[in-house]
Amino acid sequence: MLTHARALLTGTRQGRTAYLDVDLRDTDRILAAPELHETLDLSRPVALSVIAIFHFIPDSDRPHDILAQLVDLLPSGSYVSLTHLTADFDPDMRHVESTYLSRGMPMHLRTRAEVERFLDGLEIVEPGLQVVHRWRPDLAEQSTSAPSAVTFGEENSAARTSAIPLAELTDAQVSIYGAVARKR
């Protein structure tokens with residue numbers, strides 16, 4: 001990730017990128033980082049994407065407070081996009097969680113109510129908190145099949161996985177909530 005970020009840092013002023021090598025739980029360091037304030041104009045709305053991250057932060061590290069501190073920095077009109085794993089639709093997801101935990105890696109699947117709490121104080125954009133493949137079902141209706149997934153660097157048929165058409169995906173197969181919300 002750091003190597004890729006360094007490559008992006010050579011862009012133009014219009015496409016300026018900064019990279020902070022910091023733990024998301026260290027919000028004081030993030031919020032005080034000169035790179036943040038030199039890169040983003042926080043007098044204008046910005047977007048904060050927290051995609052597939054908070055299920056790796058246990059309740060003991062106060063993940064809701066972490067996001068609230070980051071959102072506090074954002075100007076009015078900014079957007080937050082969030083995704084989070086859940087076991088609401090597939091109890092077997094608890095085995096995934098257990099595997100991570102048994103290997104010393106944090107993992108905490110949350111319920112819909114727990115995920116929705118991340119968005120407290122924000123105006124949730126329609127269609128609201130949804131399983132991600134249902135967030136814009138009109139797109140699923142337009143697509144008869146998703147592109148095939150290929151393992152990185154592999155071109156042969158043994159490395160390919162069969163794709164499931166978007167309209168045929170089940171909530172249990174996806175098990176990820178997603179939402180976009182706006183700061184008033």
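A residue counts as partly exposed when its relative accessible area falls between the buried limit, under 20%, and the exposed limit, over 50%. By that rule Y100 is partly exposed, because its relative accessible area is 29%. Keep this in mind as we walk through the structure, which is a predicted model.

**The chain as a whole**

The protein chain has 184 residues, and 32% of them count as buried. Its secondary structure consists of eight helices and seven strands. Among contacts with a separation of 6 or more, 69% are between residues 24 or more positions apart. The accessible surface is about 11,500 Å², and carbon and sulfur atoms hold 53% of that area.

**The largest pocket**

Next, a look at open space. The largest pocket has a volume of about 1,000 Å³. It is lined by 30 residues, and those closest to its centre are L20, L24, I30, L48 and S49. Elements that each supply at least two lining residues include α2 (27–32), α3 (34–39) and α4 (63–73). Strand β1 gives the most, with four residues. Sorted by class, the lining holds 23 nonpolar, three polar and four charged residues.

**Aromatic pairs**

How many aromatic pairs are there? The count comes to three. Two of them are set out here.

| Pair | Centre to centre | Angle between planes | Type |
|---|---|---|---|
| F54 and F118 | 4.9 Å | 35 degrees | tilted |
| F56 and Y100 | 5.7 Å | 55 degrees | tilted |

Is F56 buried or partly exposed? F56 counts as partly exposed, because its relative accessibility is 28%.

**A closer look at V180**

With a relative accessible area of 22%, V180 is partly exposed. Beyond its neighbours within four places in sequence, V180 is in contact with Y79, V80, S81, E123, I124, V125 and W135. V180 and L122 are 58 residues apart in sequence, yet their C-alpha atoms are 9.4 Å apart in space.

How values were computed:
Residues numbered from 1 in each chain as written. Predicted model: local features only at pLDDT ≥ 70, side-chain atom pairs only at ≥ 80, totals over all residues. Heavy atoms only, no water. Buried < 20%, exposed > 50% of the residue type's maximum accessible area, 1.4 Å probe, protein only. Contact = heavy atoms within 4.5 Å. Areas by Shrake-Rupley, 256 points an atom, 1.4 Å probe, with all protein chains shown as cover. 1 Å grid on protein atoms, 1.4 Å probe; cavity = no way out; pocket = protein on both sides within 12 Å on 5 of 7 lines; lining within 4 Å. Points joined across faces, edges and corners; volume = space filled by probe spheres on them. Nonpolar A, V, L, I, M, F, W, Y, C, P; charged D, E, K, R; others polar. Phe/Tyr/Trp six-rings, centres within 6.5 Å; stacked < 30°, edge-to-face > 60°.
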